[in-house]
Amino acid sequence: MKFHPEITQKELCHKLSIAPSTSTRFIDKLEKLKLVTRKADGKQTLISLTEEGENIYRQFRVSLKELFTSYSEVLGREFSKDLSLMLHEASNKLERDL
């Protein structure tokens, strides 16, 4: 949702490879926590992050950087960068093929 503001529930389900009923439950919980908003647009529902959702995303990014730093100390920085790149590429390939 961070990079796809006002994503439709259908698009979100496709990107996450989950059923609409599953996404509804997750979105309900996120909405209750005031992390996302829903907006009806005809037959579609558009989902966006709230300001609090944006804050959580920023905290998540900081945590990812800390995690990378931690495992880089064990595995080495170059190997860790290569590993991250391979995992990212694998994720993209899986998403395209699904």
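Predicted model: local features only at pLDDT ≥ 70, side-chain atom pairs only at ≥ 80, totals over all residues.
Strand β2 spans residues 36-41 and pairs with β3 in the antiparallel sense. Six bridges join β2 and β3. Within this pairing, D41 stands opposite Q44 of β3. Two residues lie between the strands of the β2 and β3 hairpin, where G42 adopts a positive phi near 70°. Strand β3, residues 44-49, also pairs with β1, residues 7-8. This second pairing is antiparallel too, over two bridges. T8 has L46 as its bridge partner in β3.

The largest nonpolar core consists of five residues. These are I7, L12, I27, V36 and I47. The contacts of I27 include three of these core members, L12, V36 and I47. I27 also touches Q9 and R38.

The largest pocket has a volume of about 1200 Å³. Its lining comprises 31 residues, and those closest to the pocket centre are F3, Y57, F60, R61 and L64. Four helices, α1 (9-16), α2 (20-32), α3 (51-75) and α4 (77-97), each give two or more residues to the lining. Helix α3 provides the largest share, 10 residues. By class, 19 lining residues are nonpolar, seven are polar and five are charged.

Technical notes: Residues numbered from 1 in each chain as written. Heavy atoms only, no water. 1 Å grid on protein atoms, 1.4 Å probe; cavity = no way out; pocket = protein on both sides within 12 Å on 5 of 7 lines; lining within 4 Å. Points joined across faces, edges and corners; volume = space filled by probe spheres on them. Nonpolar A, V, L, I, M, F, W, Y, C, P; charged D, E, K, R; others polar. Core = buried A, V, L, I, M, F, W, Y, C linked by side-chain atoms within 4.5 Å. Buried < 20%, exposed > 50% of the residue type's maximum accessible area, 1.4 Å probe, protein only. Contact = heavy atoms within 4.5 Å. Pairing = 2+ DSSP bridges. Lists of a residue's contacts leave out its neighbours within four places in sequence.
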